[in-house]
Amino acid sequence: MNHLGEVVLQRQRQKLFEIVRKFVKPGQPYIIMDFPSTTDPGHYASWLGLLEVLKKVTGRMPVLTCSASQNIDEVKATPGDAPIFICGWGNFGDLRAGRDDIRCRLMWKYPDRAIIQMPQSIHFANEALKEYAKRSIGRHRNFFCMTRDDQSFELARANFDCEVESGPDTAFGIETLKPFEADPLRVLYVMQPLEDDVDIARARAIVDGPLTDWINGPDRLSRMRTSSVVSSALRYGFSRSAMMVQHREEVAARYVDYGVRILSGAQRIITNHLHGHILCLLLNKPHIAVARDGSRLHAFISSQTGDSPLVEKATNVSEIFAAMSRLPYEIGGTWYKSSRPMNLSPSIPTPDLVPQPSTV
């Protein structure tokens with residue numbers, strides 16, 4: 001079956017490789033910071049995608065991985081030419097206050113290291129936090145800031161004295177995914193309750209389907225397994241840092257699989273999660289991205305992924321129903337739209353694939 005997200009995914013992945021190659025070359029050591037402390041599969045998708053891209057560019061595993069709560073003194077024991085990549089699974093600015101933010105801790109403690117904030121959204125809870133970030137970045141002089149939406153790019157460019165660039169979420173570093181065997185399900189809601197968002201109960205009364213927030217994955221997925229220790233020992237010896245790298249890669253893969261299992265049976269998905277949207281693209285799943293007008297989710301889709309016919313946007317309940325009718329559908333390995341087979345020839349320009357209202 002043809003993958004309707006292939007062109008978008010290739011473009012996003014290529015951009016990630018271009019970004020990473022600015023900072024590392026084959027064989028060069030590197031560090032990845034801010035391993036997720038949540039049970040949200042989307043956050044682990046960002047981590048795993050970044051790791052996959054860095055492994056392919058350098059041909060090696062990281063010399064160190066750290067979570068936000070970990071003691072960053074371990075960086076001192078790594079080679080001096082190892083740049084520090086900060087995974088962009090959250091929002092820069094409102095995760096932790098001031099001096100507790102891992103970016104600021106790294107900038108103040110390691111002024112001679114290249115520190116790369118991988119693409120993420122930026123939002124500050126107040127002016128004091130923004131001023132502290134500005135001061136930390138201005139003092140460091142070797143900090144590189146990547147954003148994943150236009151609003152964040154403009155904020156960073158206007159306030160940060162560093163190189164600022166827009167790029168895709170690192171979850172796009174994962175290769176295309178295959179769904180697991182699952183009972184068929186017409187519609188699935190993957191929704192996080194948000195202030196001023198769509199009335200989910202009303203939406204489900206019009207387009208019925210089960211609801212999951214999906215962010216509360218089982219804690220058991222994060223446990224270290226004997227297989228991690230054995231695999232690490234066979235590849236790198238009994239090094240604690242290597243063992244943690246291996247363990248964290250496996251944990252991230254488990255949580256991504258957990259998210260994929262949730263999505264696998266659904267023919268169509270309605271979500272207000274950014275990573276719900278990204279995993280749907282990776283899985284070749286038609287879906288609706290629901291968010292209010294001016295949202296970062298819709299801005300991301302408009303600037304990065306909206307040319308895939310797999311996604312439709314909606315801002316309210318009535319738009320969900322209309323968007324549902326515009327999504328493509330698959331029968332016997334062929335994609336259809338408006339009751340006609342879709343011509344997926346690479347010679348057809350992208351605008352020809354813009355969804356049209358369906359008569360089905």
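These legends accompany several close-up views of one predicted model. Local features are given where pLDDT is at least 70 and side-chain atom pairs where it is 80 or more, while totals for chains, interfaces and linings use all residues. Residues are numbered from 1 along each chain as its sequence is written, and side-chain values use heavy atoms, with hydrogens and water left out.

View 1. Let us start with the largest pocket, which holds about 940 Å³ of space. Here a pocket is an open set of points on a 1 Å grid over the protein atoms alone, where a 1.4 Å probe fits and protein lies on both sides within 12 Å along at least five of seven lines; lining residues have an atom within 4 Å of a point. Its volume is the space filled by probe spheres set on the points, which are joined across faces, edges and corners. The lining has 35 residues, and those closest to the pocket centre are Asn91, Gln192, Leu194, Asn272 and Leu274. Two or more lining residues come from each of α2 (41-58), α9 (274-283) and α10 (296-305); helices (H or I, at least four residues) and strands (E, at least two) are DSSP runs numbered from the N terminus. By type, the lining has ten nonpolar, 16 polar and nine charged residues. In this scheme Ala, Val, Leu, Ile, Met, Phe, Trp, Tyr, Cys and Pro are nonpolar, Asp, Glu, Lys and Arg are charged, and the others, Gly among them, are polar.

**View 2. Helix α10 and its buried residues.** Seven of the ten residues of α10 are buried, so this helix is largely enclosed by the rest of the structure. Buried means under 20% relative accessible area, exposed over 50%, and partly exposed in between (1.4 Å probe, protein chains only). Look for Leu297, His298, Ala299, Phe300, Ile301, Gln304 and Thr305, the buried residues of α10.

View 3. The structure holds 17 salt bridges, each a side-chain nitrogen of Lys or Arg within 4 Å of a carboxyl oxygen of Asp or Glu.
- Glu52 pairs with Lys55, with 3.6 Å between the closest N and O atoms. The two are three residues apart in helix α2, separated by about one helical turn. Glu52 is partly exposed at 22% relative accessible area, and Lys55 is partly exposed at 21%.
- Asp169 pairs with Arg148, the closest N and O atoms being 2.6 Å apart. Asp169 sits in the loop between β7 (163-166) and β8 (185-190) and Arg148 in the loop between β6 (143-147) and α5 (150-159), so the pair ties together parts 21 residues apart in sequence. Asp169 is buried at 0% relative accessibility, and Arg148 is buried at 6%.
- Glu312 and Arg326 meet at 2.9 Å, N to O. Glu312 is buried at 9% relative accessible area, whereas Arg326 is partly exposed at 21%.

**View 4. Arg113, a buried residue without a salt bridge.** Arg113 belongs to the loop between α3 (102-109) and β5 (115-122). Arg113 is buried but has no salt bridge, and the nearest side chain of opposite charge, Asp81, is 6.5 Å away. For this search Lys and Arg count as positive and Asp and Glu as negative, with His and the chain ends not counted. Beyond residues up to four places away in sequence, Arg113 touches several residues, including Ile31, Val75, His140 and Asn142; contact means heavy atoms within 4.5 Å.

View 5. Ile86 lies in strand β3 (residues 84-86) and is buried, at 0% relative accessible area. Met118 is 32 residues from Ile86 in sequence, yet their C-alpha atoms are 5.9 Å apart. Leaving aside neighbours within four places, the contacts of Ile86 include Met33, Asp34, Leu106 and Met118. Asp34 is found in strand β1 (residues 31-35) and has a positive phi, near 70 degrees, in a residue other than glycine. Most residues other than glycine have a negative phi.

**View 6. Val317 in helix α11.** Val317 is found in helix α11 (residues 317-326) and is buried, with a relative accessible area of 5%. Val317 and Arg204 are 113 residues apart in sequence and 8.9 Å apart in space, C-alpha to C-alpha. Apart from neighbours within four places, Val317 contacts Val198, Asp199, Arg202, Ala203 and Ile206.
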